[in-house]
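Trainee: Please walk me through how to read side-chain and backbone features, one at a time.

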Amino acid sequence: MLYYLFEYLDKTMDIPGTGVFQYITFRSALALMLSLLLSTIYGKRVVSFLRRQQIGETVRELGLAGQNEKAGTPTMGGLIIIFATLIPVLLFAKLQNIYIVLLIVTTLWMGTIGFIDDYIKIFKKDKQGLKGIFKVFGQVGLGLIVGAVLYFHPGVNIRTDLKKINVNINQTENVITPAPIYEKSTATTIPFVKNNEFDYAELLAWTGEGYENWAWLIFIPVVIFIITAVSNGANLTDGIDGLAAGTSAVSVLALGIFTFVSGNIIFSNYLNIMYIPNSGEMTVFIAAFVGALIGFLWYNSYPASVFMGDTGSLTIGGVIAVLAIAVRKELLIPFFCGIFLVENISVVLQVAYFKYTKKRFGEGRRIFLMAPLHHHYQKKGYHESKIVTRFWIVAIMLAILSIVTLKLR
C-alpha cells in the first residue's frame with residue numbers, strides 16, 4: 001500500500017526521497033525490520049493470549065527426556081509468523097504482482113489448514129487433528145491453483161534473448177536493441193550442469209508436433225507433488241524447540257538470493273541464469289518472512305514459550321515450495337530443504353522397514369531409535385538444544401551449497 005502512495009507522491013509532487021520506495025532492496029529492509037518488531041514485541045501478547053485461552057499443546061508420551069515439561073505450552077504460535085509476514089508485505093510490496101498474490105494466497109491457505117488441524121487437536125480433544133485425507137486435499141488444491149497460475153497467467157514469463165542482445169551490442173556500434181522476447185515456459189534449472197535448463201514439456205515430445213501446448217499436464221502435477229512433500233516435511237521437522245523455525249529461516253534466506261538475482265536483468269545476465277521478470281518482488285515477501293521466523297525464535301528457542309503448531313509448519317512448507325517453484329529452482333529443494341528431506345526419509349524408512357520385518361520375521365524392527373530423525377538423537381541422549389544447533393549448521397552448509405550452484409557448473 002505504501003509503495004503505491006509513495007509512487008504517486010514521487011510522480012505527481014516530486015517530493016525528495018519518495019522515489020526510494022521504487023527500490024526492492026529498500027522495501028525489503030523495511031519489511032525485515034517491521035516483521036522483526038511485530039513478531040518480537042507483539043508476539044508476547046499473542047503468547048499471553050494463547051495461554052489465557054488455555055490453547056496448550058497436548059504432548060504424546062514418547063519416553064523422551066523433558067517431554068512432560070512441555071505439556072500445556074501454548075501452540076498455534078504460527079499465527080505470529082503469519083501476521084508478522086503479511087502486514088509488512090501489504091505495506092511495502094507491489095500487491096498487483098502475481099508472485100506476491102500467490103504467496104499471500106499460499107500463506108492464508110496453508111495457515112487455514114494448519115489452524116483447523118490445531119483447533120481440532122486442542123478444542124475437540126482429538127490428538128489426530130484434521131484427517132490426513134483432508135490435509136492432502138488442501139495441499140492438492142493449493143498445488144492446482146499455483147500450478148495453473150504459473151502456467152496460464154500472462155504475467156508469468158521468462159526472457160530468452162539476453163545472450164543475443166549482448167552479442168549484437170559487442171559486435172556492432174549504435175545497434176538498436178531488439179524488443180525483449182518474453183515467453184511462456186515450463187523450463188526449470190538443473191543444478192551443477194553447464195546448460196542447466198530443462199523443460200518439462202520435453203517429457204511429452206514423443207507425442208508429436210504441438211506437444212508444448214500440453215506441458216501443463218506435467219507441470220501442474222509436479223507443482224502439486226512439491227507443495228505436498230515440502231509442507232509435510234516442514235510439519236515433521238517441527239518436533240523440538242527452534243528446529244523448524246531456524247532451519248526454515250536459513251532456507252528462505254537462500255531462496256531470497258535466487259529471487260533477487262533472477263528478477264534482476266543485470267545479475268541474471270552476468271550469472272547466465274534464467275531471467276524471470278517481476279520475480280524480484282518476492283524478495284520483499286522473503287524479507288518479511290525471514291524477519292517473522294527469526295522473531296518467532298525469540299519465543300520458540302529452548303525452552304519454548306510457544307509452539308508454532310501446524311498453523312506455522314504447514315505455512316512454512318507451502319511458502320518455501322511456492323518460492324522454489326516460482327523462481328524455477330525446485331530441483332534445488334533437496335539442498336534448500338535438506339533437513340526437511342532427511343526428516344521425511346527417516347519416517348518413510350522407519351515405517352517401511354518396520355512393516356517389512358514384521359511381515360517377514362513376525363516382529364517389527366526399526367532402523368532408528370525413533371523417527372523423525374531428531375527424536376533418534378534425543379533417544380541417544382543428546383540435549384535438544386545441541387540437536388537444533390547442529391541441524392542449523394547443516395542447513396547453513398546446504399544453503400551455501402545451493403547458492404554456489406549459481407556459478408559452479
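Trainee: What does Tyr-119 count as at its relative accessibility?

Mentor: Tyr-119 has 36% relative accessibility, so it counts as partly exposed. Phe-123, at 41%, counts as partly exposed too. Before we go on: this is a predicted model, so local features need pLDDT of at least 70 and side-chain atom pairs count only at pLDDT 80 or more, whereas totals for chains, interfaces and linings use all residues. Residues are numbered from 1 along each chain as its sequence is written, and side-chain values use heavy atoms, leaving out hydrogens and water.

Trainee: How many aromatic pairs does the structure hold?

Mentor: Rings of Phe, Tyr and Trp (its six-membered ring) pair if their centres lie within 6.5 Å; planes under 30 degrees apart are stacked, over 60 edge-to-face, and the rest tilted. The structure holds 15 such pairs. One of them joins Tyr-119 and Phe-123, a tilted pair with 4.8 Å centre to centre and 35° between the planes.

Trainee: Where do Tyr-119 and Phe-123 lie?

Mentor: Start with the general idea: an α-helix has 3.6 residues a turn, so residues three or four places apart point the same way. Tyr-119 and Phe-123 are both in helix 4 (residues 98-123), four residues apart, or about one turn of the helix. Helices here are DSSP runs of H or I with at least four residues, strands are runs of E with at least two, and both are numbered from the N terminus.

Trainee: What else is Phe-123 in contact with, leaving aside its neighbours within four places in sequence?

Mentor: Contact means heavy atoms within 4.5 Å. On that basis Phe-123 is in contact with Ile-55 and Met-76. Phe-123 and Ile-55 are 68 residues apart along the chain, yet 8.1 Å separates their C-alpha atoms.

Trainee: Which residues do ring pairs link into a cluster?

Mentor: Those are Tyr-151, Phe-152, Trp-214 and Trp-216.

Trainee: Which residue lies over the face of Phe-361?

Mentor: The test is that NZ of Lys or CZ of Arg is within 6 Å of the ring centre and within 35 degrees of the ring normal. Arg-365 lies over the face of Phe-361, 4.2 Å from the ring centre.

Trainee: How far does helix 5 reach from its first C-alpha to its last?

Mentor: The expected span is 1.5 Å times one less than the number of residues. Helix 5 (residues 132-152) has 21 residues and reaches 30 Å, close to the 30 Å expected. Its buried residues, including Gly-138, Leu-142, Val-146 and Tyr-151, pack against helix 4, helix 7 and helix 11. Take Val-146: at 0% relative accessibility it counts as buried. Not counting residues up to four places away in sequence, Val-146 touches Leu-102, Thr-106, Val-223, Ile-227 and Val-322.

Trainee: Which peptide bonds to proline are cis?

Mentor: Omega is the angle to read here. The bond from Tyr-302 to Pro-303 is cis, with omega near -10°, and Pro-303 lies in the loop between helix 10 (282-300) and helix 11 (309-326). Another cis bond joins Ala-371 and Pro-372, where omega is about 0°. Pro-372 lies in the loop between helix 13 (338-361) and helix 14 (373-379).

Trainee: What is phi of Arg-328 near?

Mentor: Phi of Arg-328 is near 60°, a positive value in a residue other than glycine. Arg-328 sits in the loop between helix 11 and helix 12 and is buried, at 3% relative accessible area. Asn-272, also not a glycine, has a positive phi of about 55°. Asn-272 belongs to the loop between helix 9 (265-271) and helix 10, and at 38% relative accessibility it counts as partly exposed.

Trainee: Is Asp-241 buried or exposed?

Mentor: Asp-241 is buried, with a relative accessible area of 6%. Its place is in the loop between helix 7 (216-237) and helix 8 (243-262). A polar atom of the Asp-241 side chain lies 3.0 Å from the backbone nitrogen of Ala-304.

Key
Buried < 20%, exposed > 50% of the residue type's maximum accessible area, 1.4 Å probe, protein only. Polar contact = N/O pair within 3.5 Å; in protein donor to acceptor, adjacent residues only side chain to side chain.
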